[in-house]
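Me: I am new to this structure. Please show me how to read its features, step by step.

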Amino acid sequence: MLERLNQAMEHIEGHLDQRIEVAELARIALTSEYHLRRLFSALAGIPLSEYIRRRRLTVAGAEVLAGERTLLAVAVRYGYGSGEAFARAFRAVHGVGPGEARRTGAALHSQPRMSFRLIVEGSGSMRYRVVEKEEFRVVGKKARVPLVHEGMNPAIASFIRGIGQETLRQIEELSDGEPKGIVSASDNLADSRAEGTELDYYHGVVTRSAAPEGMDTLTVPAGMWAVFENSGPFPQALQYLWRDVFTQWFPSNPYRSRPGPEILRTRLSPDAAQADAELWIPVERTAV
């Protein structure tokens, strides 16, 4: 998988002055566009589209300083329809406009080329299983919240506090499927998974029952799921689990992510300092 991903990175480098289609990158990487976007952002820490933009403006910056082409010619070469659009994008990356950069020889920022390799650390292993599930529902309460990579998510914490114990009890009584009990379901995440992008967050249960009045429903189609388990400090261990699934497990196994919610069941210790977690990720097998 990483070898094919690196071939896609080489394709980007050879086509920075042309239109780069994510569909073509996915074809080279032998995966889906959906999985490629998610895998890249997990590995690189930035969205794929942002990486391509930064690389284009890095090489465009070198041409601006070289002075061999007009600024408009450089803009057009790298896909900008006007000098003004190019200047805005250039300033966002380099902190200075292209005209000023050329006149003064200003220092510019560089986005290095990326390549990926697998580093094996420690002797631990990831506990997982793969299961098939029929169509089911997540029933509970829903909120639109920002994505937070590190530490507690204040929007989610505030949302859960506002649900009320009686409503939580009613929701929990509906649980009749795996994973059992109250779960968190994250849906409609941005492909980039960038910090601050929004997602649909459900605090509910897996059930075959219809939602009572006043509750929200997420209908989940039948499909394959990879189920991961871990224990550790809360909430860091849970967030590291998400990271490790995309940066370690997917590159090492014949599966890729598919559209669908990511479901997390968490059991906290009495002091809420530790947690046992079970993470369900929708997956499909890749061609061998």
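Me: Which residue does Leu268 stand opposite in β9?

Reply: Leu268 stands opposite Ala275 in β9. Strands here are DSSP runs of E, at least two residues long, and helices are runs of H or I, at least four, numbered from the N terminus. Two strands pair if DSSP finds at least two bridges between them.

Me: What should I know about the model before going on?

Reply: This is a predicted model: local features need pLDDT of at least 70, side-chain atom pairs count only at pLDDT 80 or more, and totals for chains, interfaces and linings use all residues. Residues are numbered from 1 along each chain as its sequence is written, and side-chain values use heavy atoms, with hydrogens and water left out.

Me: In which sense do β8 and β9 pair, and over how many bridges?

Reply: Strand β8 (residues 262–268) pairs with β9 in the antiparallel sense, over six bridges. Five residues lie between these strands in their hairpin, and Ala272 takes a positive phi near 60° there.

Me: Which other strands pair with β9?

Reply: Take β6 (residues 223–233). It pairs with β9 (residues 274–285) in the antiparallel sense over 10 bridges. Gly232 stands opposite Ala275 in β9. Strand β7 (residues 255–257) also pairs with β9 in the antiparallel sense, over three bridges. There, Tyr255 stands opposite Arg285.

Me: How do I describe two packed helices?

Reply: Use the angle between their axes and the distance between the axes. Axes are lines fitted to C-alpha atoms, for helices over the stretch in contact, and angles run from 0 to 180 degrees between N-to-C directions. Now the case here. Helix α1 (residues 2–14) and α3 pack at an angle of about 90°, with their axes 13 Å apart. The two helices are therefore roughly perpendicular (65 to 115 degrees; under 35 is roughly parallel, over 145 roughly antiparallel, and the rest oblique).

Me: Which residues make that contact?

Reply: Contact means heavy atoms within 4.5 Å. From α1 come Leu2, Leu5 and Met9, and from α3 come Leu36, Leu39, Phe40 and Leu43. By class, this contact has seven nonpolar, no polar and no charged residues. Ala, Val, Leu, Ile, Met, Phe, Trp, Tyr, Cys and Pro count as nonpolar, Asp, Glu, Lys and Arg as charged, and the others, Gly among them, as polar.

Me: At what angle do α4 and α6 cross?

Reply: Roughly 100° is the crossing angle of α4 (residues 48–66) and α6 (residues 83–94), and their axes come within 10 Å. That makes α4 roughly perpendicular to α6. Eight nonpolar, three polar and one charged residue make up their contact.

Me: What do I look for in the backbone?

Reply: Most residues other than glycine have a negative phi, and most peptide bonds are trans. Leu30 has a positive phi, near 60°. Leu30 sits in the loop between α2 (22–29) and α3. The peptide bond from Glu178 to Pro179 is cis, with omega near -5°. Pro179 is in the loop between α9 (165–173) and β3.

Me: How many residues line the largest pocket?

Reply: A pocket is found on a 1 Å grid over the protein atoms alone: an open set of points where a 1.4 Å probe fits, with protein on both sides within 12 Å along at least five of seven lines; lining residues have an atom within 4 Å of a point. The largest pocket has 47 lining residues, and Val148, Leu238, Gln239, Trp242 and Leu264 lie nearest its centre. Helix α10 gives the largest share of the lining, seven residues.
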